[in-house]
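Biologist: I am new to this structure and would like to learn how to read it. Could we go through it feature by feature?

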Amino acid sequence: MENNEQLNQDPIVETTVNEGIENETKTSKAAKKAIDGNEKKKIVKLIQPSILPGKVRVEVNTLVEDAKDEPALVQEEELLPAVDENAEMEEEELVEENSDLEGLNKLQLVEMLEELVQNPDVQAIKDKVAAVRIHFNKLNKEDMDRELDQFLQGGGEAESFQHVEDPVEQRFNAAFGIFKANRAKQNEDMEKQKLENLAKKQAILEELKSIIASDESLKKTYDDFRALQDRWKEIGPVPAAENSNLWNNYHFLVEKFFDKVRIGRELRDLDMKKNLDAKIELCEKAEELLDEKSITKAFKALQKLHEEWKEIGPVPQEKKDEIWERFKSATDKINAIRREHYAQLEGEQTANLEAKKALCEKAEELIAVDYPSVNAWQKKSEELTEIFNVWKTIGPASKKDNEEIWQRFRGAMDAFFAKKKAFFAGLKDRQTENLERKTQLCIEAEALMESTEWKSATEQMKKLQEEWKTIGPVPKRHADKIWKRFRAACDMFFNRKNEHFSGRRTEEEANLAAKKALLEEIRAFQVGPNRNENMEAIKAFQKRWIEIGYVPMKHKDAINKEYRELIDGLFDAMRKNQNEASTNEFREMMEGWKDDPNAGERVRKESSKLQIRIQKLREEIAAMENNIGFFSSSKNSELMRAEYEKKISKAKEDLKVLEEKLKIAEE
């Protein structure tokens, strides 16, 4: 608070000089030291009552005694917690305070804005206008995102998308332009007014100096002082650069006034009690703000309470610390709640940032691959669109990160669509080449459509169709025409073939009846003991089956299966007879060795041979059973499986014969 210019104009020192006090420099320095050391009571003692004018001398003598118990004036506002009086409301705070705007559409918001800007008082409407703008921009962005989605789904490229303002947007921009013009004008007027306010307050400072130097009675001096205080409060803000210095000069002179004239104790006690009551009321209001659900409203209200606190004078010394701690406690709690709110908000924004980073990584993965086909590009475009839809559901990150992460995501999208565009540019050349290849296939198909070499021509025609499938797309304007040409050649050939073979259907039905009759003969045949006769009969059946010819395609598999099962049954019966005959023959051989002196040795050798064959056959069976498990599920593998199962079955029957012979030999 020290100011050399003010100290040199100290009215106490000037009065002392005017009355002829010696040692002026010593007195001035003592006054300065008292002020700097916050020992303002001593200022009164520096004044020599004997050299003051008579009326003032009596009043000062009285005040000297009162000043002994007077509490030191302390600028409590210097102890107030930091509150940004000019803080701009955060976007989240604006949305929270204007929650009544939720649910309004763009037209309703525009109408509200047009009504608001009719009020020329920008300060009164600025928060509401900002909230309306936030809600309108949010809805407008959603509309633009939908337009972009529709544009992309319609085959458009993101970089080619251009948004055109609709009439509602134009109305909004026009209304907001009015607000900006009013704000600019009001800011200009406010700066002029601040300069005028500065001049008024500087004039009041000069009047305060005059009052301090005045010889008027304490009552009149005090009334004039209070009038100046009221005028000071009524004057509005001054330029920010002058505010601190002006405020310090004002408080310096106020303290100088109280140090010089010291209002009577009763009047001062009454004033301090009024100040205490006013500060108690502010404490109660601050404590009520703890129940306010809106953090924004509570913080703004707290700022106003701090402004009011600064304007209230001192309270009784014994209550000063108590009332200040009460007000400070409520302030600290509100600030703690606000810090916790923004800490939670920061946590949510951090989580949103991490989620958006993950989406950026997914989008960047799509860029890293070169897709070979139109379908692949379309599929990946849909994936990118889905990623973008998820992006729009995630809330914002912090201001410093939000634009950066959006630029990263937008960069990935732009890179993807740039690669897609390059692919489709090259696709035109490939499509021209594909048209040439398909034209050649049409020429080859047209050369076959009159052929009567049904089998070879059918195979060639099918190869042409398979090759057609492997060729990619042709230019769109030629696609339908070239396909119809190829299809016409194929249809003509197969229609001629169908007409040719339609006369064979009656013949195939007759063949089916003949084969069914032959199946009945096979089913009735009994296998005899003569193997050669059995084989001749089976061969005759097989020859007749082949000679009968084709049957309708839908009966082919079923009747062939039945035929194979019957023939296999005949061979099984022959094998069974053969195995029985072999076993009986072995038994008779063993019976014939009974009288042979070397029978034991011969039987031992025969048993050894049988054991070796049995062991080898068992290993073969185990290997075949193991291998059969490796066949996959397909038509060809099923045929091989069936063949293996037959071999296994035959091997097991042979094993039984060998085991039976070994048993006979051991007996």
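Biologist: Among contacts in the chain between residues at least 6 apart in sequence, what share join residues at least 24 apart?

Modeller: This is a predicted model. Of the contacts in the chain between residues at least 6 apart in sequence, 78% join residues at least 24 apart.

Biologist: How many helices and how many strands does the secondary structure of the chain come to?

Modeller: The chain has 23 helices and zero strands. As for burial, 36% of its 667 residues count as buried.

Biologist: How do I read a pair of helices? At what angle do the axes of helix α7 and helix α8 cross?

Modeller: Helix α7 covers residues 106–116 and helix α8 covers residues 122–153; their axes come within 10 Å and cross at roughly 155°. Angles over 145 degrees count as roughly antiparallel, and that makes α7 roughly antiparallel to α8. The crossing of α7 past α8 is left-handed.

Biologist: Which residues make the contact of α7 and α8?

Modeller: On the α7 side they include Leu-109, Val-110 and Leu-113, and on the α8 side they include Val-129, Val-132 and Phe-136. By class, the residues of the contact of α7 with α8 are ten nonpolar, two polar and three charged.

Biologist: What is the case for α14 and α16: at what angle do their axes cross?

Modeller: The axes of helix α14 (residues 317–367) and α16 cross at roughly 15° and come within 9 Å. Angles under 35 degrees count as roughly parallel, which makes α14 roughly parallel to α16. The crossing of α14 and α16 is left-handed.

Biologist: Which residues of α14 and α16 meet?

Modeller: Among them are Leu-353, Cys-360 and Glu-364 in α14, and Ile-405, Arg-408 and Phe-416 in α16. The contact of α14 with α16 counts eleven nonpolar, one polar and seven charged residues.

Biologist: Now the aromatic rings. By what is a pair of aromatic rings described?

Modeller: A pair is described by the distance of the ring centres and the angle of the planes. Searching the whole structure gives 24 aromatic pairs. In one of them, Phe-176 and Phe-179, the ring centres are 5.8 Å apart and the planes stand at 35°, so the pair is tilted.

Biologist: Where in the chain are Phe-176 and Phe-179?

Modeller: Both belong to helix α9 (residues 167–213), and because they are three residues apart there, about one helical turn separates them.

Biologist: Are Phe-176 and Phe-179 buried or exposed?

Modeller: Buried means under 20% relative accessible area. Phe-176 has 9% and is therefore buried; Phe-179, at 4%, is buried too. Another pair is Trp-377 and Phe-423, with ring centres 5.7 Å apart and planes at 35°, so this pair is tilted.

Biologist: Which parts of the chain does the pair of Trp-377 and Phe-423 link?

Modeller: The pair links distant parts: Trp-377 lies in helix α15 (residues 374–393) and Phe-423 in helix α16 (residues 399–448), 46 residues apart. Trp-377 is buried, at 2% relative accessible area, and Phe-423 is buried, at 11%. Ring pairs also link Trp-377 and Phe-423 with Tyr-371, Phe-416 and Phe-417 in a cluster.

Biologist: One last residue. Where is Met-589 placed?

Modeller: Met-589 is in helix α21 (residues 553–592). Its relative accessible area is 31%, so Met-589 counts as partly exposed. The C-alpha atoms of Met-589 and Ala-665 are 9.9 Å apart, while 76 residues separate the two along the chain.

Technical notes. Residues are numbered from 1 along each chain as its sequence is written. This is a predicted model: local features need pLDDT of at least 70, side-chain atom pairs count only at pLDDT 80 or more; totals for chains, interfaces and linings use all residues. Side-chain values use heavy atoms; hydrogens and water are left out. Axes are lines fitted to C-alpha atoms, for helices over the stretch in contact, and angles run from 0 to 180 degrees between N-to-C directions. Helices (H or I, at least four residues) and strands (E, at least two) are DSSP runs, numbered from the N terminus. Angles under 35 degrees count as roughly parallel, over 145 as roughly antiparallel, 65 to 115 as roughly perpendicular and the rest as oblique. A crossing is left-handed if the near helix is turned anticlockwise from the far one by less than a right angle, and right-handed if clockwise. Contact means heavy atoms within 4.5 Å. Ala, Val, Leu, Ile, Met, Phe, Trp, Tyr, Cys and Pro count as nonpolar, Asp, Glu, Lys and Arg as charged, and the others, Gly among them, as polar. Rings of Phe, Tyr and Trp (its six-membered ring) pair if their centres lie within 6.5 Å; planes under 30 degrees apart count as stacked, over 60 as edge-to-face and the rest as tilted. Buried means under 20% relative accessible area, exposed over 50%, partly exposed in between (1.4 Å probe, protein chains only).
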